[in-house]
Each structure stands twice: as structure tokens, then as C-alpha cells.
Amino acid sequence: MRSVEEHQQVISDLLPRMPVISVSLAESAGLVLATHLLAPIDLPPFDNSAMDGYVVRSADITALPVTLPVSDDIPAGKTDSTPLTPGTAARIMTGAPIPQGAEVIVQVEFTDGGTAFVTINDAAPAGQHFRRRGEDVTAGAVVLTSGTVMGATQIGVAAALGLTSVDVFRPVRVLVLSTGTELVAPGNPLGPGQIYESNATMLAAAIREIGGVPTVLQFVPDDAAEFNSRLSSAADDVDLVLTTGGVSAGAYEVVKDALTGQGVDFVKVRMQPGGPQGAGMVRGVPVVTFPGNPVSAYVSFEVFLRPAICKAMGHRSAARPVITVPVSEAVDSPPGKRQFRRALLDTVAGTVKPWGGPGSHLLAWLAGADAILVLGEDVTRLEVGEQAEVWLL
Ligand SMILES: Nc1nc2c(c(=O)[nH]1)N[C@H]1C(S)=C(S)[C@@H](COP(=O)(O)OP(=O)(O)OC[C@H]3O[C@@H](n4cnc5c(N)ncnc54)[C@H](O)[C@@H]3O)O[C@H]1N2
Ligand code: MOO
């Protein structure tokens, strides 16, 4: 039997770092920067006002109140700003360029708001409400380092800098294949002995959540020759093939039958759920085979594939956040296997409890869980109050 770490390494080694591609800002959401993002311009690009009001010279407001002629009107976007005439005020709007010679910005609330003449009753010190050129970013500076995940704010600053595209690691393209003659697509009536297909849909969503691009091929029949022909026609232009089902000890294990001797090693990993696993290269394409039980398939994704895909896509850290907290209910675990239990956190009490039993068909409990409780191979029981490792989902 393989340890969890050994199989993690095998799967990690299957997937190389993805090539660098240039994508539009919109397409970059969730992807990882492959090069430093350098500022082509200063931000702000010019000195501008943080307030709607008036600009004046300090010498013209030494005694307050004072009334000055209004010599200019400067809305945001004005491109032909002229120097401020001494002895006058210019009306200015938030974001508008500050004219040369202006030293004080008086917000409109401290004036009578006049347009031909303005009476200024009070004023902030010189320089206040000035938004200086380059105070956020200076041209040429590294704004985001390579390895940064592009989220809304990172995309926002790239747009503010006038960029239209960024260099990222290409998303991993995964062909997800589900096998099983008992499977029916949701939306159709269930016959006797049939169940709705959920693994491929669930795993495709999990792949999408981390920025990968899944293609789903459902219901490959339990026939090894048919499986191999469907696989070879669909595996072009993918970085990874992921199958679920058909890998344990039954009489109709299509994935095992089709891929044994083709480059995939079928092994047992010391874990529950997710014991029966397979991985290898088939005709130059990495193939990972997960067990069919839905909770086993999802836990396998969390333990093996999520970290490998994240690493291939350039993420600095591929791990879920891990905390150590006491359990609020006693929990049992099989000896010799690392157990991954669905769990619920109590963030107020700072504790965790198992959520549902360990059965790998109990998918609704997984859907209701917000954490995975990890019990080591040497642990058979945790009593209330004992510390446990918890992955935050
Ligand atoms: N004699 C033994 N039997 C089993 C062993 C064993 O060691 N010896 N291991 C058990 C464990 S642990 C697991 S996990 C499963 C893995 O079985 P398979 O990978 O061969 O999966 P299937 O038999 O095809 O399916 C298992 C279960 O999951 C349902 N399933 C499969 N695919 C889907 C899907 N796409 N969507 C929803 N549900 C799916 C399937 O109907 C079965 O109920 O083997 C144990 N048996
Ligand atoms: O190891 Mo199986 O994956 O329990 O359910």
C-alpha cells in the first residue's frame, strides 16, 4: 500500500508547469501571473483634486472670509488646464487636474458656491486634498509580482494602468470521464438499479473553481475496448485525463481493465475514503483514476489533484488553509489509514465536529460540511477536547 504522500508525489510529478500565455484582463480572473506586472505609467497619472471645490493661491486667502473672482472651471477630464491666475479662484471637481500655481483646495462646503465670484469662509492647509502624481504607483515599478493570483482588485489595478492583457500560466485542461452502466443524466427518469451521475459534474465544478478547464465525457460504458476508443478520440488537446469509477475489485472494473498495462499503476493508498487509486501516462497524456464513490472521488480531488493542478498553474501555495483545533465530539478512525472526515467548524467556540458518518456514499453530508477533519494513520479515536488537523474548504 502507498502512503498518501507517495501518491501525492506521483500525481504531482505527472503534471508539468503549464506554459505561459497572454490573456485579456477579463480572462485572467483566478489565473496566476507568470511575470511581474510593471507599471507603464504613474498612478495617479497627474496631480488632481480629491474634493469638489475651488483652487486658490495661499497668498490670496490670508484673511477669511474673502471673495475672489472665479477665473476658470475645471471639470474632471479637462485637458487644457491653464495656470491659475493670481488673485482668482478656479472651480475644480474631484479627479480634475490641479492647475499650475494652485496651492490650496477649498472644498465647496466652505464657500458660497459662486460661479462668477466665490466667497471662501474657511480653508484646509495648503496641499491637503491634493492627489499627487505617482503616489499610488510610479512608472516602472513592480505592481504585482509573478505568482500573484489575479482577482478583482489585481485586475482593477491592471486596468487602471491601461493594460489590456497579462501573462499567466495556462489553465490545466482536464478531460473528466465518468464510467458506470448504472449512471443516468440528471433530468431523466431513473430506472431500477440506476442512479444519477454526479461525479463528473462535481469534479468539473471543482476544476473550474481553481481556474482549470474541464471537458466532461459522461457515461463511458463498462466496456474496456469502447473505453479505450472513446479515450483516444477525446484525449487530444488535454493536459490530463481524470476518470471516476471502475478501479476496485469487482468483476466489471472498466478503467482498470482498459488501462492496466497501458502505463497506469493501480494501487491502494492508506486512506479512507479514496483507497483505490490509479495514475500514470497513457500515450503521452497524464491519467489519474479516482474511485467511483462520490465522497471518495471528491476527497481524492482535495488530497491529490487540487494541489497538483494548482502547482501546475503556478500557485505559490497549493494547500487549503490548515488549522489545529479541539474536537467537540469524539471521533473514531480505522487503524493504519489516514481518515478524511466531513466536518463542521464552530468558529465561535473554536472547535470542530464530524459531520455525518465515514461512508463514502454520503454526499449530502459532504455538501453540508465546511471542513475536512484529518485523522492520522496511527489515530483510532479522538476524545472530546483533543486537537485535530482541519482543512478549511
Ligand atoms: N471487494 C472490494 N470491494 C470494494 C473495495 C475493495 O477494496 N474490495 N473497495 C471499495 C472502495 S473503498 C471503493 S471507494 C469503491 C471504488 O469502486 P470503483 O472505483 O470501482 O467504483 P464503482 O464500483 O464504479 O462505483 C462505486 C460506487 O460509486 C457510484 N458511482 C460511480 N460513478 C459514479 C458517478 N459518476 N456518479 C455517481 N455515483 C457514481 C457507483 O454507482 C457505486 O455505488 O469500491 C469499494 N468496493
Ligand atoms: O476508500 Mo473507498 O474510497 O472508502 O470509499
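A residue is called buried when its relative accessible area is under 20%, and exposed when that value is over 50%. The model on view is predicted.

Begin by selecting helix H4, residues 224–234, where Phe227, Asn228 and Leu231 are buried. Viewed down the axis of H4, the buried residues fall within an arc of 95°, so they line one face of the helix. An α-helix has 3.6 residues a turn, so residues three or four places apart point the same way. On the other side of H4, select Ala225 and Ser233, which are exposed.

Next, display what surrounds the buried residues of H4: they pack against strands E12 (173–179), E15 (213–220) and E16 (240–244), and against helix H5 (254–259). At the start of H4, a side-chain oxygen of aspartate 223 comes to within 3.3 Å of the backbone nitrogen of alanine 225.

Now select arginine 170 and aspartate 239, which form a salt bridge with their closest N and O atoms 2.9 Å apart. Arginine 170 belongs to the loop between strand E11 (165–169) and E12, and aspartate 239 to the loop between H4 and E16; the two are 69 residues apart. Both arginine 170 and aspartate 239 are buried.

Proceed to aspartate 332 and arginine 381, a salt bridge whose closest N and O atoms are 3.0 Å apart. Aspartate 332 lies in strand E22 and arginine 381 in strand E26, so the pair ties together parts 49 residues apart in sequence. At 40% relative accessibility, arginine 381 counts as partly exposed. Arginine 381 also forms a salt bridge with glutamate 383, at 2.8 Å between the closest N and O atoms.

Terms used: Residues numbered from 1 in each chain as written. Chains lettered and ligands numbered in written order. Predicted model: local features only at pLDDT ≥ 70, side-chain atom pairs only at ≥ 80, totals over all residues. Heavy atoms only, no water. Buried < 20%, exposed > 50% of the residue type's maximum accessible area, 1.4 Å probe, protein only. Helix = DSSP H or I, 4+ residues; strand = E, 2+ residues; numbered from the N terminus. Arc of directions from axis to C-beta. Contact = heavy atoms within 4.5 Å. Polar contact = N/O pair within 3.5 Å; in protein donor to acceptor, adjacent residues only side chain to side chain. Salt bridge = Lys/Arg side-chain N within 4 Å of Asp/Glu carboxyl O.
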